[in-house]
Amino acid sequence: MAEPIRVVVTGAAGQIAYSLLHMIAKGDVFGRQQKLILHLLDIPPMMGVLGGVVMELEDCALPLLVKVVPTADPAEAFKDVAAAFLVGAMPRKEGMERKDLLAANVKIFKVQGAALDQHARKDVKVLVVGNPANTNAFICSHFAPSIPRENFTAMTRLDQNRARAQIAAKCGVPIEQVRNVVIWGNHSSTQFPDARNATVAGKDAFAAVGDDAFLQGDFVATVQKRGAAVISARKMSSAMSAANAACDHMRDWWHGTPPGDFVSMGVLSDGSYGAPKDVIFSFPCEVKNGQWRIVQGLNVDAFGKEKLAVTAKELEEEKAEAVIVCAAD
């Protein structure tokens, strides 16, 4: 058994965390030999609920779980953590504009970035799930200058999983036969789910699907709007699937991606594929020895370039708004 590592989950009394915590604690992310100390952060009004979550974790009798630290104090929550799942954020409510959500949430991530900077390990791997995830990750990294900016990522794995599922259903194949679908850009309705470099049972995805209009039309729209469709049906946002995707993202970042596979991650842009620099942009990534690398040389056709430009513009606008909010705070 490896020495215990400390892992923090924010918004720990919330819906996503309710699925996520059990997955982490039973070894789905860091491995079946890795003991864990879980730090659970939430706001003071949620401490009673969080106490119930702690009781349930205890009642699972999980052999890897050494200790649980429930807290409303960011300093205690981020102390010596090796991995951080930043799930907690104000949810979008009816009538709320995206910019209103951004204004509320970037302030949260400014505080958490500063706490990570002061208290976390300098090699901490930070995954931002709370929306707007890409811009929150950018702000968080900005206020944690002593931690490499490459250590801050945003989750677009849920979108990739949704995209794979749509293609698997269309082709009538098991999900594992759909590989290397890419999510480009922002985790929002401007994201571009791209099957141009994907394969289905080893065959080019466009050839396997045999319906270009679908892959450039309904497929894109369905993935872009899937979160809203879930909210409409459940009256609550995606929780189980978001928790599952967070585990997928961190597991691949921690252990590496299989040879020949790449995964979608919101990472610091270096300008690859014409994306703007210095924003958190979703790219296809390979991971080795805990370090991600943007996959180069993929084919992006004219349709794709048009879509990338739209999501890039939104990210630049969000970043500009977030910087103004933080400066005024």
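Colleague: At roughly what angle do the axes of α6 and helix α11 (residues 240-255) cross?
Modeller: This is a predicted model, in which local features need pLDDT of at least 70, side-chain atom pairs count only at pLDDT 80 or more, and totals for chains, interfaces and linings use all residues. Residues are numbered from 1 along each chain as its sequence is written, and side-chain values use heavy atoms, with hydrogens and water left out. Helices (H or I, at least four residues) and strands (E, at least two) are DSSP runs numbered from the N terminus, while axes are lines fitted to C-alpha atoms, for helices over the stretch in contact, with angles from 0 to 180 degrees between N-to-C directions. The axes of α6 and α11 come within 8 Å, and they cross at roughly 105°.

Colleague: Which word describes how α6 and α11 lie to each other?
Modeller: Angles under 35 degrees count as roughly parallel, over 145 as roughly antiparallel, 65 to 115 as roughly perpendicular and the rest as oblique. The axes of α6 and α11 cross at roughly 105°. Therefore α6 and α11 are roughly perpendicular.

Colleague: Which residues of α6 meet α11?
Modeller: Contact means heavy atoms within 4.5 Å. On the α11 side are Ser241, Ala242, Asn244, Ala245, Asp248, His249 and Asp252.

Colleague: How many charged residues are in the contact of α6 with α11?
Modeller: Ala, Val, Leu, Ile, Met, Phe, Trp, Tyr, Cys and Pro count as nonpolar, Asp, Glu, Lys and Arg as charged, and the others, Gly among them, as polar. In the contact of α6 with α11, three residues are nonpolar and four are polar. The charged ones number three.

Colleague: Which residues of α1 make the contact with α11?
Modeller: Helix α1 (residues 15-25) and α11 have axes that come within 8 Å and cross at roughly 40°, so α1 is oblique to α11. The contact has eight nonpolar, two polar and no charged residues. From α11 come Met240, Ala242, Ala243, Asn244, Ala246 and Cys247. From α1 come Ile16, Ser19, Leu20 and Met23.

Colleague: How far apart are the axes of helix α4 (residues 98-119) and helix α12 (residues 302-328)?
Modeller: Two packed helices are described by the angle between their axes and the distance between the axes. For α4 and α12 the angle is about 55°, which means that α4 is oblique to α12. Their axes are apart by 9 Å.

Colleague: How many charged residues are in the contact of α4 with α12?
Modeller: Arg98, Lys99, Leu102, Ala103, Val106, Lys107 and Lys110 in α4 meet Glu314, Glu318, Glu321, Ala322, Val325 and Cys326 in α12. Of the residues in this contact, six are nonpolar and none are polar. The charged count is seven.

Colleague: Which element gives the most to the lining of the second largest pocket?
Modeller: On a 1 Å grid over the protein atoms alone, a cavity is a set of points where a 1.4 Å probe fits but cannot get out, a pocket is an open set with protein on both sides within 12 Å along at least five of seven lines, and lining residues have an atom within 4 Å of a point. About 160 Å³ of space lies in this pocket, and its lining has four nonpolar, two polar and six charged residues. With three residues, the most comes from α6.

Colleague: How much space lies in the largest cavity?
Modeller: Strand β9 (residues 192-194) gives the most to the cavity's lining, with three residues. By class, that lining has seven nonpolar, one polar and three charged residues. Grid points are joined across faces, edges and corners, and a volume is the space filled by probe spheres set on the points. For the largest cavity, the space is about 60 Å³.
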